[in-house]
Amino acid sequence: MVVPSSFAAGAGDPPPIPAARLGSAHSPVRPLLLWVRTGTAQVRLDSGPVLRLRAGEGAWIPAEGWAERAIVTEPGTVAFPLWPHAGVGSWGLSELTRFDVPGGWQDWLIQLFNLQVTPFNGRGYSPEAIEELLRRPGSRSTAPVGAGRIPSSERSAAATMPRALGARAVAEELIRDPALDLTVEQWAVRVLCGARTLRRDFLADTGLTFEQWRLLCRLGAAVELLAAGYDVDQVAARVGFASRNGLTRAFKGRFGLTPHEFGRQLSAGPGVGGLTQRATAARQTDDLIRMMRRTDTPTAPEMLPAASTPSHANEIHVLSWMYRGSGYLDIGNQRYERERGAATWIPAEVEHVTGLRENSVSLPLGNASTADLQLTVPLQVRFSPAWDDYLMFCSISARSGLRPDDHNPRRILDLFAEQVAAQRALSLPMPTDPRARAVALECLRHIGGPGGTRDGDVGAEIHRVFRDETGMTLGRWRYAARMRIARDLLAGGAPPSAVARRTGYAHLSTFSAAFSRFHGLSPRDFQQRESEPSQ
């Protein structure tokens, strides 16, 4: 089944890609890999010489040895910043290093960016299998951990995420890279709040001090990497422990067994599927470092594996774009298909699973609050390949600090609305007169939402043009547009009540009567007919 409101290929040309910059204040304290897909970028460390990168080139920027880092991209440039875990710096390259990226590696790097900024799991690994293994008799301990005791209810579950904005931003960054070793005071500066506030929010929202929460985060990451086959020394460095002994003490204090014993128990226990997102990203970074160290042309990675998110709900609407291949969105028992080029708004506060099939890549384009966008079912448009570079730039701007000085997160909302209007126009008779066409597109942008042009706002000449060029009055044309959009939503599986709201009807009965008059059958009868297999 296609996602509701799935329209034909996108019309129009993308906007120009502006210049962007990334400074030290907007980037984590860890190694950075910058890859230029198209255009030109410049890298400067402290007051040293500028390293200029062209399309197909990358640079490894170490975490240590510099005070200031500045990255600037020229107009028309798409450059991906990738942050390997901080522990990589202890065994990766120690100097600013330029390298070439072979063509076969490029989509792999785009997917690596996706894995770092979304909750995808690379190979369908089930964290519950590890938790179950750790719940076995003899695998628990009530020994103190960190600055205090962790409640037994927290011992086998992942650390609860704080709700307060500043604390949640810190928690999300630590989940991405638990080896980051900033103090509470340093974190407070980064998220623009007070240190006392940050400590209070962690304790109030999670029941744990900041230090206890970070320790749980590090131990959870250690479990994933140990399950992926990394040795204890490697895991200790990657998750933020100063030594193997420190990890061993903390691990045994929480789980009642050493990391080495856990590895033996894991190998003797039930299978756990594949790798988690963190372990997948770690393996891919290992491959990348090996690629940069080699002088010959390395073999391109194997095809991209299928991936999926755990079942979860977002507090905001999330716009996800299929750059390559295909995927799906599961909500309840409903599966919505996502094809190449499709950009899908995933509704807030709806439990869902997002999946990618083999050799497929998706990217998040941006977010919208429930105040900015009224959405209860998925909404989708399709962009042509001509938009690829611009949409990648939107994704990078939305999920990293590399962005234009005048970056506006709401811009993606406007772009989506423009694309919706252009694609809705393909299924309707449109006036050719420029003034009347502008009115029509404005109506299509705002169907079901606030704003838009009312009949009384339009002069008599525009009304006459609508009658002459479409065969309908403006009011009748707007009614036809609403009914055709309603038909698409219903055909996609959206419930009639949600379609009524989406097309601007306050009451389901009013919508049903209007739909029946236009299409000759009720919304439910239409949906039933569409779901029947064709003969």
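This is a predicted model: local features need pLDDT of at least 70, side-chain atom pairs count only at pLDDT 80 or more; totals for chains, interfaces and linings use all residues.

Visitor: Which residues of α5 are buried?

Guide: The buried residues of α5 are Leu198, Asp201, Phe202, Asp205 and Thr206. Viewed down the helix axis, these buried residues fall within an arc of 100 degrees, so they line one face of α5. The general idea is that an α-helix has 3.6 residues a turn, so residues three or four places apart point the same way.

Visitor: What does the face turned away from the buried side of α5 carry?

Guide: That face carries the exposed residues Arg196, Arg200 and Ala204. The buried residues of α5, for their part, pack against α3 (165–176), α4 (184–190) and α6 (210–227).

Visitor: What follows α5?

Guide: Gly207 follows α5, and its phi is positive, near 80 degrees.

Visitor: Let us turn to charged residues. How many salt bridges does the structure hold?

Guide: The general idea is that side chains of opposite charge can pair when their charged atoms come close. A search of the whole structure finds 15 salt bridges. Asp205 lies in helix α5 and Arg163 in the loop between α2 (127–134) and α3, so the pair ties together parts that are 42 residues apart in sequence.

Visitor: Are Asp205 and Arg163 buried or exposed?

Guide: Asp205 counts as buried because its relative accessibility is 16%. Arg163 is exposed, with a relative accessible area of 59%.

Visitor: Which residue forms a salt bridge with Glu461?

Guide: Glu461 forms a salt bridge with Arg464, the closest N and O atoms being 2.5 Å apart. The two residues are three apart in helix α14 (residues 460–470), and therefore about one helical turn separates them. Glu461 is partly exposed, at a relative accessible area of 36%, and Arg464 is partly exposed, at 35%. A network of salt bridges links Glu461, Arg464 and Asp468.

Visitor: How is a pair of aromatic rings to be read?

Guide: A pair of aromatic rings is described by the distance of the centres and the angle of the planes. The structure holds 15 aromatic pairs. Among them is the pair of Trp35 and Phe80, which is stacked, at 5.4 Å centre to centre and with 20 degrees between the planes. This pair links distant parts of the chain: Trp35 is in strand β2 (residues 32–38) and Phe80 in strand β7 (residues 78–82), 45 residues apart. Both Trp35 and Phe80 are buried.

Visitor: Why is the pair of Phe251 and Phe262 called tilted?

Guide: The ring centres of Phe251 and Phe262 lie 5.6 Å apart and the planes stand at 55 degrees, so the pair is tilted. Phe251 belongs to helix α8 (residues 244–255) and Phe262 to helix α9 (residues 259–268), eleven residues apart. Phe251 counts as buried at 0% relative accessibility, and Phe262 is buried with a relative accessible area of 0%.

Visitor: Which residues do ring pairs link into a cluster?

Guide: Tyr505, Phe511, Phe515 and Phe526 are linked into a cluster by ring pairs. Elsewhere, the charged end of Arg335 sits over the ring of Tyr328, 3.8 Å from its centre.

How values were computed:
Residues are numbered from 1 along each chain as its sequence is written. Side-chain values use heavy atoms; hydrogens and water are left out. Rings of Phe, Tyr and Trp (its six-membered ring) pair if their centres lie within 6.5 Å; planes under 30 degrees apart count as stacked, over 60 as edge-to-face and the rest as tilted. Helices (H or I, at least four residues) and strands (E, at least two) are DSSP runs, numbered from the N terminus. Buried means under 20% relative accessible area, exposed over 50%, partly exposed in between (1.4 Å probe, protein chains only). A charge sits over a ring if NZ of Lys or CZ of Arg is within 6 Å of the ring centre and within 35 degrees of the ring normal. The arc is that of the directions from the helix axis to the C-beta atoms. Contact means heavy atoms within 4.5 Å. A salt bridge is a side-chain nitrogen of Lys or Arg within 4 Å of a carboxyl oxygen of Asp or Glu.
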